[in-house]
Amino acid sequence: MIIRQLSVFLENKTGRLTEITGILAEHGIDISAFSIADSTDFGILRMITSDPGLAETVLKAQGFAVKITDVACLVVPHVPGGLHKALRLLSEHGVAIDYMYAYATGDNAVVVIRADSLEKMIRVLEEHGEKFLEPGGDNP
Amino acid sequence: MIWNQHIECMSREAMRSLQAQRLRETVNRIHTHVPFYRQQLQQAGIRPEDIKTVDDLQHLPFTTKLDLRDNYPFGLFAAPQQDVVRLHASSGTTGKSTVVGYTHNDILMWSEVVARSLAMADVNRNDIIQVAYGYGLFTGGLGLHYGAEKIGASVIPISVGNTKKQLQLMQDFGSTILTCTPSYASFLGEAIREAGIERSRLRLRAGIFGAEPWTAEMRKEIEELLAIQAFDIYGLSEVIGPGVSMECPMQNGLHVFEDHFIPEIIDPDTCEVLPYGELGELVFTSVTKEALPLIRYRTRDLTRLHADVCECGRTLVRMEKCVGRSDDMLIIRGVNVFPSQVESVLMEMNETKPHYLLIVDREHNLDTLEIQVEVEDQFFSDEVGELEALQQRIHQNIQSMLGISARIKLVEPRTIERSAGKAQRVIDNRKL
């Protein structure tokens, strides 16, 4: 259930993101989801990739500060109320979400979630019939 | 006006002879009362009676800021505690500040040299002098205060800050003289302009500014903003405080009150004494101080000395405005900052590596300090809040160590340039 997300520290400078996407492309690493969290001074790029271990190695070799963080990718039906149902469950069970980002294609939407207790979150949602992407199956 | 005609216009020979006599007394004093100096002289194989003339000064060992720190707080004092009537401490701290002490006679001497300084700007008993230097452990405020009282001027001991009140009293009391750091003078000038205060409501005619480096351009700007003549005063707490030297109306250098402080210029690398006119590090020996006489104190300020008679009539040696430092000390808003202090804050935090860069700038006439710190893999959190909290912790630790507020900028690893030799730790954009 747990998927390894790659986080990269970025200064707010033009061209830095392009350098990262270039490095990943050269190594045949596919990005299936990403988000950038930013403050006034810096940004944090978070990505779900086809090979987080290789991505970490190659980006570190280029001098980036990189961190692997465990997240879970929840799959919800792409219909009104699909996400709401899952989030309500988490809130009812006291699971705090640190951050999340999502994308929707076709029938389903995938929500990348980082929470204070990932295991509890997964257990709660699975007990209620919610689905997650399996590791290695990053590309829905 | 010349406050002390006898001393300030004395012949060079008479001055050398006065200095020699006072130097001998001081060497005896430190040999008798300061174990540190007794040991220093022994190691150098010098007996107090070997020091006869000012030329013999070059045989004596140097004193550095580190010696003051190593003997913190009172180890270099040459007077018993009951004779010490005042303690000041410098702001430049790496854990410990530099403590200086004064006897009653030291305070009288200090008042004398500040009175001479003020007289150079033609300050007299009819003047109202607004002392906007900080009072307290910093020597600026009280130093100017006592000198102004000695002259008989009316002193407004307002200290630094509270700009609104500064402007109010300046108008209501009719201040004629302003003393503060040049950056605060410039700040006050801007504030006057912004408040739309008419020049006719101010009686200011001169300003006496020091405690930080300032350029000829800055002088011009302050003179225009405040419609005054701006004078440069120099001093450091280890020697006495403000009033070690001061500019006369000729403004071609600062006259050193060398009957109390003997200046030398040395090559900072070889420590060899350089002749008049050559650029090097300024060194002072205080020859009348009772509480804390220092022998050949290395100021780290780079300048030149000139011994020709000034057009103002004074024969006192003149020093040029300091052109820089022989160490890496920065003076930011009047506070001494060493890059190594920033390094030790970062090292102690255990959350950052000591890869940092200080960027100093001057915005709206106030110095700004940005500290760039590299984010290392092991301290990188992928949550914005945690990185911001790290920035905040660095900011607070720097503030409590240096007493100044710095902007902390986190940068990517290995983006601060490494060099094989001395690391480039500072970019000073102030063009001082």
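View 1. By class, ten nonpolar, eight polar and two charged residues form the lining of the second largest pocket, where Ala, Val, Leu, Ile, Met, Phe, Trp, Tyr, Cys and Pro count as nonpolar, Asp, Glu, Lys and Arg as charged, and the others, Gly among them, as polar. Of these 20 lining residues, B:Phe138, B:Val160, B:Arg333, B:Gly334 and B:Val335 lie nearest the centre, and helix H8 (residues 182–194) of chain B gives the most to the lining, with three residues. This is a predicted model, in which local features need pLDDT of at least 70 and side-chain atom pairs count only at pLDDT 80 or more, while totals for chains, interfaces and linings use all residues. Residues are numbered from 1 along each chain as its sequence is written, chains are lettered from A, and side-chain values use heavy atoms, with hydrogens and water left out.

**View 2. Helices H3 and H4 of chain A.** The axes of helix H3 (residues 82–92) of chain A and helix H4 (residues 118–127) of chain A come within 10 Å and cross at roughly 125 degrees, the axes being lines fitted to C-alpha atoms, for helices over the stretch in contact, with angles from 0 to 180 degrees between N-to-C directions. A:Ala86, A:Leu89 and A:Leu90 of H3(A) make the contact with A:Met121, A:Val124 and A:Leu125 of H4(A), contact meaning heavy atoms within 4.5 Å. By class, this contact has six nonpolar, no polar and no charged residues.

Methods
Helix = DSSP H or I, 4+ residues; strand = E, 2+ residues; numbered from the N terminus. 1 Å grid on protein atoms, 1.4 Å probe; cavity = no way out; pocket = protein on both sides within 12 Å on 5 of 7 lines; lining within 4 Å.
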